[in-house]
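Have the fold open while you read, and take the points in order.

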Amino acid sequence: MCGRYTLVRLADVLEKFPWIEHGPPDLVPRYNIAPTQPLLAIANDHPEQFDHLVWGLVPFWAKDPAIGNKMINARAESLAEKPAFRNLLKRRRCLVIADGFYEWMPDPAGGKKGGKIPMYVQMKDRKPFAFAGLWDTWKGSGGAPAASEDGRTTVDTGQTLRTCTIITTAANDLMKPIHDRMPAIIPPEDYRCWLDAKDEDAVELEKMLCPYPADEMTAHPVSTIVNSPKNEVPACIEAVAKETLF
């Protein structure tokens, strides 16, 4: 899966997406982006500009936006089988901008019971890249207050949410010792195809959702401070020795 990532090298973002004239305003380096937070993306309804989407897909038909907490990833192999995803691949795709991501690997030395080693994965050139994503728009009805599962009363304010999920695929050779899944990373030469493809190109789109070449990527262990999304500091990505983690 992909549950945490970074976007730190902001000066290099425009270089990777040269058809966009203006960079996104008011960006700050993000060392620990987590689900339910806004993220930087390019959506196919406005491919000429950057967008901010909330991480955690809320399909247009959802009754409760809290469903987004459970839909941060979508498996590439089963997109056509899931009602929430099968039409989005054809019509609502996005590029999620990142320059690294975290995954937790089993501690080969045993470590604490259940302990895992956080690993930071990035391109060898350290430059930004793009996850394949799907997005949707959810609109509240603005209707009468409704009772939530815990019995409390919640108010539907009629808000509009633009949300997304990150597509995952099988692990490449670099990732296999770490985790059996990885985010689907779109090659730069396919960025515009991913955004501009028509409905009938679904088969070609699915071919892009394969493991990214391992020889272009690198990974190193980082501090367990990244385990908490409250920690948003440069130390999250700094390499540490594995034996210092537990």
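1. On another side of the pairing list, E4 (residues 51-55) is joined to strand E3 (residues 38-43) by four bridges, and here the sense is antiparallel. Asp51 in E4 stands opposite Ala41.

2. A word on what you are looking at. This is a predicted model, in which local features need pLDDT of at least 70 and side-chain atom pairs count only at pLDDT 80 or more, while totals for chains, interfaces and linings use all residues. Residues are numbered from 1 along each chain as its sequence is written, and side-chain values use heavy atoms, with hydrogens and water left out.

3. How confident is the predictor? The mean pLDDT (confidence in each residue, from 0 to 100) is 89 for the protein, and 89% of its residues reach 70 or more. Please treat residues 143-155 separately: pLDDT stays under 50 there, and the model has nine contacts beyond four places in sequence for this stretch. Contact here means heavy atoms within 4.5 Å.

4. The overall make-up is four helices and 14 strands. These are DSSP runs numbered from the N terminus, with helices (H or I) of at least four residues and strands (E) of at least two. Of the 246 residues in the protein, 46% are buried, where buried means under 20% relative accessible area, exposed over 50% and partly exposed in between (1.4 Å probe, protein chains only). Among contacts with a separation of 6 or more, 69% are between residues 24 or more positions apart.

5. Now the inside. A nonpolar core is a set of buried Ala, Val, Leu, Ile, Met, Phe, Trp, Tyr and Cys residues joined through side-chain atoms within 4.5 Å. The largest has 61 residues, and Tyr5, Phe17, Leu95, Phe131 and Trp194 touch the most other members. Strand E9 (residues 129-139) gives this core its largest share, six residues. Another core lies apart from it, with seven residues, including Tyr31, Tyr102, Val226 and Cys236. As background, nonpolar side chains tend to be buried together in soluble globular proteins.

6. Trp194 is worth a click. Setting aside neighbours within four places in sequence, its contacts include Leu89, Arg93, Cys94, Leu95, Ile167 and Met208.

7. What about disulfides? A search of the whole structure finds zero, a disulfide being a pair of cysteine sulfur atoms within 2.5 Å. For Cys94, the closest cysteine sulfur is in Cys164, 4.8 Å away, so the two are too far apart for a bond. Cys94 is buried at 0% relative accessibility, and Cys2 is likewise buried at 0%.

8. Rings of Phe, Tyr and Trp (its six-membered ring) pair if their centres lie within 6.5 Å, and planes under 30 degrees apart count as stacked, over 60 as edge-to-face and the rest as tilted. The whole structure has 10 such pairs. Tyr102 and Tyr120 make a tilted one, 5.1 Å centre to centre with 40° between the planes. Tyr102 sits in strand E7 (residues 100-106) and Tyr120 in strand E8 (residues 116-123), 18 residues apart. Tyr102 is buried at 0%, and Tyr120 is buried at 2%. Elsewhere on the list, Tyr5, Trp55, Phe101, Phe129 and Phe131 form one aromatic cluster.

9. Gly100 belongs to strand E7 and is buried at 0% relative accessibility. Which residue is 95 residues from Gly100 in sequence but 5.8 Å away in space, C-alpha to C-alpha? That is Tyr5. Beyond four places in sequence, Gly100 is in contact with Tyr5, Thr6, Tyr120, Val121, Gln122 and Phe129.

10. Last, two backbone angles to check. Most residues other than glycine have a negative phi. Thr36, in the loop between strand E2 (30-33) and E3, has a positive phi of about 80°. Arg126, in the loop between E8 and E9, has a positive phi near 65°. Arg126 is partly exposed, at 35% relative accessibility.

Methods
Two strands pair if DSSP finds at least two bridges between them. pLDDT is the predictor's confidence in each residue, from 0 to 100.
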